[in-house]
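Subject: Handover of a structure and notes on what was found

Dear colleague,

Please find the structure below, together with its sequence. My notes follow it, arranged by chain.

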Amino acid sequence: MTTTALAQDRSSSVSLSSRLETDRILFVVGAWALALVWLLPLLYAVWTAVHPSAYETRFDLLAPLTLDNFVQAWNAAPFARYFLNTILLVTMILVAQLVLCTLAGFAFARLEFPGKNFLFTLVLLQLLVMPDILIVRNYATMSALGLVDTILAIGLPYFASGFAIFLLRQTFKTIPKELDEAARIEGCSLLGLMWRVYVPLAKPTMLAFGLVSVSHHWNNFIWPLIITSSAETRPLTVGLSIFATTDSGVQWSIINAATLITSGPLLIGFLLFQRQFVQSFMRAGIK
Amino acid sequence: MIKREWIHAWLLLAPALLLLFAFTHLPAVQTVFDSFWSTPRGRRPAVFVGLDNYQRMLADPIFIKAMVNNAIYALITIPASIALALSMALFVSGKIRGRGTLRMAYFTPTVLPLIAVANIWLFFYLPGFGLFDQIRGLFGFGPINWVGQPTTALYAITAVTIWNQAGFFMIFFLAALQTIPESLREAAALEGASRWTIFWRITWPLIMPTTLFVSVNATINAFRMVDHVFIMTQGGPNNASILLLYYIYDQGFRFWDTAYAATLTVVMVAILCVVGIGQFFLLDRRVHYR
Amino acid sequence: MRHLLKTSTLSGALLGLSMSTALAVDLEFYFPVAVGGDAAATIQAMTEEYMSANPDVNINAIYTGSYADTTTRAITAARGGNPPHLAILSAVDVFMLIDEDLIETWDQHLSEEELKNWVGGFYDAFRANTHKEGKTWGIPFQRSTPVMYYNKDAFKEAGLDPESPPATWEELVEMGKKLTVRDDSGNATQWGIRIPSSGFPYWPFQALAIANGAELMNEAGTEVYFDQPAVVEALEFFVDLSKEHEIMAPGIVDWGATPKAFLDGETAMAITTTGNLTNIRTNATFDLGVAMLPKNKQYGVATGGGDFFLFKGHGEEETRAAIDFVKWATAPEQAAAWSIATGYVAPRPDIWETEKMKAYVEEAPGALVARNQLEHAVAEFSVYENARVRQILNDAIAAAIVGDKTPEQALSDAQSEADEVLKIYRQ
């Protein structure tokens, strides 16, 4: 009886550890398989971009390497201008968002006033009904304002971000009231209080939001497509789409070189900030 | 009596709310008005047409198709993206060799512009000499025209969307997972609980708020992410992959029928409000944001 | 005639010079690019050259992206009270531009002599799209037609004569069958023919319809003839290429990937625009052949591409300066350089007489095919509400190709939808 129990016990522990082992292997294999699939398009982009166009559809390890595609892509469209436009655009949007939404988030988090809940609901509504889908009407507004085909017009609808207001409000709410009161006793003005106490403590949230905002607007397409019509205002995505959809057929090696050029800064940025990015999200309490 | 604090609050809110009203609320309301008028053309000004645009919409088979497609698109992308994002987060939250590389691999699609990667996917999907068919060819399978036949075109688009957004959602789950005390899971593991049990009993309930937050985002994306349709199928073949926002773009900016585009937008806004408010209520019951 | 043209350009320029006193004329000119990167640089270089020769004219040439972008930009600018002087827009947008009251005819600004020698000197096939109600609304510039590219090596392998590509639909099917190569499991490794059907299938389809003796629309742009038996037959033929004869890949065949598919030997013949000639010629690893599209009842293709349009809302002096620039740009020397750089078909017979062009034809005989085919070319499909009606036709073609509807059903549905859209233009 005891021996059988012991044997049973042993066999179950053996099976348990072997089960854990298989489990572990499956886990690792799964993780890497998924990663491979997820990286495949990028790997393909790199492959075609550094080989002559004859190797777009043939995967020969001995294929000759070339940087020609990058040169051709760069010369085929005013990418330098597109870069400048995009950088101006995302910077403008981010700065406006941080300033406007900090002010608004603070008011919602710390001040009492009539209409607060109603207004906050309206803000939350923008999380759902984004400017992205109100393209028809916003286009009409922009033409009425004479802003069609300006970088300002691409950014303006996104300046007041419901998401940013919501995030900052959540963050501000977690800041202990004591800090607030201490500063007030020292005679801080409201703006001074915000600047000295709230903004520094909300930095992780701002960083996290900033990265989301930059990557979103760097890659945004439909609204800029509609509202811009010249190289002087066009951001990278729109420039890239024009460049890629000519009547004369897709040339993957050149388009992919252009894709790598245009998303390079973001990719590198993410690689550098990867740790901070995740940590900011944790500390920002976006969960 | 108006208090000082009120004035301060309103002043702080004014710039943000002004812009919010100008580019979200006001246009949303104006869109409703526009939908009762005809489209002005050159020498023919807009006239009040009542519900004509709505009647036309309900009789428009392409609109119906876009609605059905968008529903399928949403019903696949939302759960699939959440499941994949969560798996990714679980893969890279614990100790695993090459964690940084894995994280990067999962997240990369998010920083690539959809409009550009659509061309890469287009190549993958090409019948005969595209990557997928080359791989299938190794196993003796015949070519499939993934984006060129109505049975698969929408799913081909859907897969790209999932690929593009899952890594972004992973970040949210990753942040959520790291707030779960390691001791909780270790204790469970010591008691011989399987990975599966730990997940369903401990992790899943604790990350519920994140899941709901992500699902709201995924819902919005299901109506917003149509960039790749421009490159891959243009809504075809025969509208097999048309989505609501793409159809709005077509009507508004290719056919210049702004009134009808406004009518379609009203439907879109209504759907988003209903779905979104529903999810917010769900969210509110589980988590208290106040 | 060439001499005459030169003098008239010169006198036009002199006239412009004498009229503009001290002030230079500022012109705004929008142009799209639909054929890869070099075209934009070529146009910029052309305007630079013109300005250095005519210091009293200042042309702001704005690259405005695709055709659709350019149209949008021009409409918006004109509605905002700031129209460009000139724009190259898709020739098929002519009805929309007239309907929106944005453009004016060239005739009212031109002398008898200019009308006869300059405007009259373009190929009729290219003029057809923008010559409406006896008036000239557009000047052909970046125009193209579809041609058939074929792989001579593949012809030899199939035991066919590489110098006699299919000239009729019957031969196309017959040769296509010989050119379709399958592996042991029955999967095609090389198709006979590739006619793209994504994006704008109406264009290659229109060529088939014309070859079958059909017309798709009336000249006034108010009627379409989708449900005519000859049109239905053309669509049946298009569908049968993959369904019945199995010489073309099934489903929607991508437009953008067509040059690649042809260059990779995935297909032995391909029908696509002359705009691809340069790309295909430089990258082909096999012996390349270019031929006219096969005929059924007759030869035939539709033209494509863009015209110069003159926008309303400018003074006579500025408009005249814009016209002079266009006259210069379409003069033989400039137009030949443009055609060679881009692959667009030179739109006037006298351009083909230039030394440059003759040398080019020696080197790229395919270019000549496009010219010879012009004799059989007609206006590209274009009606009022063009984008919408065209989409209706595109959807019908796609529906028939993927088997959602029979060709007959698809076209009769399309006919009634198009009639519904066009009825307000028939009063």
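In chain A, 4 residues of domain 1 are in contact with 6 residues of domain 2. On the domain 1 side of this contact, 3 residues are nonpolar and 1 is polar, while none is charged. Please bear in mind that this is a predicted model. Domain 1 of chain A covers residues 2-49 and domain 2 covers residues 77-284. The centres of these two domains of chain A, taken over C-alpha atoms, are 40 Å apart.

Chain B

Chain B contains 13 helices and 0 strands. Its C-alpha atoms occupy a box of roughly 75 × 75 × 30 Å along the principal axes. Of the 290 residues in chain B, 51% count as buried.

The contact between chains A and B

Chain B meets chain A through 80 of its residues, which are in contact with 74 residues of chain A. Which helix of chain B gives the most to the side that touches chain A? That is helix 1 (residues 4-34) of chain B, with 20 residues. By class, the side of chain B that touches chain A comprises 56 nonpolar, 18 polar and 6 charged residues.

The sheet in chain C

In chain C, 5 strands form an open sheet with mixed pairing, in the order 9-10-11-8-12. Strand 9 (181-182) and strand 12 (288-291) of chain C are at the edges; each has a single partner strand, so one side of each is left without a neighbour in the sheet.

Strand 9 of chain C runs antiparallel to strand 10 (residues 188-194) of chain C, and 2 bridges join them. Within this pair, Arg182(C) stands opposite Ala188(C), which belongs to strand 10 of chain C.

A helix also accompanies this sheet: helix 8 (residues 169-179) of chain C lies across strand 10 and strand 11 (267-273) of chain C. The angle between helix 8 and strand 10 of chain C is about 165°.

With kind regards

How values were computed
Residues are numbered from 1 along each chain as its sequence is written. Chains are lettered from A and ligands numbered from 1 in the order in which they are written. This is a predicted model: local features need pLDDT of at least 70, side-chain atom pairs count only at pLDDT 80 or more; totals for chains, interfaces and linings use all residues. Two strands pair if DSSP finds at least two bridges between them. Helices (H or I, at least four residues) and strands (E, at least two) are DSSP runs, numbered from the N terminus. Two residues are in contact if their C-beta atoms, placed from the backbone, lie within 7 Å. Axes are lines fitted to C-alpha atoms, for helices over the stretch in contact, and angles run from 0 to 180 degrees between N-to-C directions. A residue is buried if 20 or more other C-beta atoms lie within 10 Å of its own, exposed if 12 or fewer, and partly exposed in between; C-beta atoms are placed from the backbone. Ala, Val, Leu, Ile, Met, Phe, Trp, Tyr, Cys and Pro count as nonpolar, Asp, Glu, Lys and Arg as charged, and the others, Gly among them, as polar. Domain bounds come from an automatic or database domain assignment.
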